[in-house]
Amino acid sequence: MSTPLDTNALKARQQAAWASGDYAVIGTTLQLVGERLAEACDLRWDEQVLDVAAGNGNATLAAARRGCRVISTDYVAELLRRGEARAQAEGLDVQFQVADAEALPFTDGAFDAVLSTFGVMFAPDQLQAARELARVCRAGGRIGLANWTAQGFVGQMFKTLGRHVPPPAGALPPSRWGDEEQLRAMFGDAIGAMDVSRQQFNFRYRSAAHFIEVFRTWYGPVHKAFAALDVQAGEALERDLARLLEDNNRGGGDSLVVPSEYLEVVITRR
C-alpha cells in the first residue's frame with residue numbers, strides 16, 4: 001500500500017526551495033505576463049484585487065498600475081519585500097501580506113478579481129487552492145491565471161529536473177494547471193464562464209550556459225536540484241538542461257531565445 005502524500009511536508013519543502021536563491025531575479029523578467037493577464041481580466045479602477053502566490057509582484061504591479069486596490073500575498077516573506085520595494089519605487093499603494101494559497105485569510109467574495117501568475121500552480125493541494133481562489137472571488141468576478149503547460153519549455157524543464165531529483169511519491173505535477181480540462185475539473189461549479197488562450201513567453205539569455213548559471217543560482221527549484229546532487233550527477237543534469245535549451249533555441253548561434261508556452265485563463269465566477 002502506498003503512503004499518503006504529506007502535503008504539509010511537501011509545502012515546507014517547496015517553501016524552502018522558493019526561499020532559496022532569489023526568485024525575484026527571474027520573476028522581474030516575466031513582468032509582461034502580468035501585464036497581459038491584467039488586460040485579459042479587464043481590470044477596472046478601484047476594483048479590489050488579490051494576487052495569490054505573487055512572488056515579487058508581477059500581477060500585483062500590473063493591477064496597481066490600472067488603479068486597483070491590491071493585496072499581494074505569498075508564503076515567502078522575502079519575495080513580498082522585493083515586491084514592496086518595486087511598488088514603492090513606482091509610488092503604488094499596495095498592501096503586502098504573508099498568506100498560504102490553500103488557506104487565504106480573507107472573507108468569502110471579498111475580491112473583484114483574484115490573480116496568480118506561475119504561482120498557485122505550485123500549491124501541493126491543488127484542489128484546495130482552487131477552492132480558495134473561488135471562495136474569495138465575488139460572484140461575477142474574475143479569476144485570472146497564467147500557468148505553464150506540460151508541453152512547453154518550462155514544463156519540460158521540470159520533467160528534466162524530476163528525472164534527476166524525483167518528486168515525492170503522490171505529488172501532482174504543477175503543469176495540471178496548464179491543462180484546460182484539469183482546470184474545469186478543479187474549479188467545477190464555481191465556473192460561470194472560462195476563457196483560455198495559449199500564450200508564449202520568450203526567455204532571453206546569452207547562451208544555454210548563461211541560462212543554467214542564472215537559474216541554478218537564483219531559481220529555487222533548479223538551485224535546490226543542483227544542491228541535492230553530487231558533482232557527477234550535477235554535470236549530467238547540466239547536460240540535459242543544455243540539450244533541452246538548445247533544442248528549443250530560436251536565437252541562432254549567437255544568442256538564446258527560448259519560447260515557453262503557458263495557458264492564460266480568465267474564469268468568470270458563477
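Colleague: How do the residues of the lining of the largest pocket divide into nonpolar, polar and charged?
Modeller: This is a predicted model. In it, the lining of the largest pocket has 22 nonpolar, six polar and three charged residues.

Colleague: How much space lies in that largest pocket?
Modeller: The largest pocket holds about 810 Å³ of space. It is lined by 31 residues, and Gln14, Phe158, Pro167, Pro174 and Pro221 are the closest to its centre.

Colleague: Which elements give two or more residues to the lining?
Modeller: Those are α1 (7–19), α7 (153–164) and α10 (220–227). The most comes from α7, which gives six residues.

Colleague: Now the core. Which residues in the largest nonpolar core touch the most other members?
Modeller: They are Leu133, Met157, Trp177, Phe187, Phe203, Phe211 and Phe215, in a core of 66 residues. Strand β7 (residues 256–269) supplies the largest share of this core, with six residues. Apart from it lies another core of 20 residues, including Ala38, Val49, Leu80 and Leu92.

Colleague: What is Phe211 in contact with, leaving aside its neighbours within four places in sequence?
Modeller: Phe211 is then in contact with Phe153, Met157, Phe203, Tyr205, Leu245 and Leu256.

Colleague: How many aromatic pairs does a search of the whole structure find?
Modeller: The search finds 21.

Colleague: Are Trp18 and Phe122 buried or exposed?
Modeller: Both Trp18 and Phe122 are buried.

Technical notes
Residues numbered from 1 in each chain as written. Predicted model: local features only at pLDDT ≥ 70, side-chain atom pairs only at ≥ 80, totals over all residues. Heavy atoms only, no water. 1 Å grid on protein atoms, 1.4 Å probe; cavity = no way out; pocket = protein on both sides within 12 Å on 5 of 7 lines; lining within 4 Å. Points joined across faces, edges and corners; volume = space filled by probe spheres on them. Helix = DSSP H or I, 4+ residues; strand = E, 2+ residues; numbered from the N terminus. Nonpolar A, V, L, I, M, F, W, Y, C, P; charged D, E, K, R; others polar. Core = buried A, V, L, I, M, F, W, Y, C linked by side-chain atoms within 4.5 Å. Buried < 20%, exposed > 50% of the residue type's maximum accessible area, 1.4 Å probe, protein only. Contact = heavy atoms within 4.5 Å. Phe/Tyr/Trp six-rings, centres within 6.5 Å; stacked < 30°, edge-to-face > 60°.
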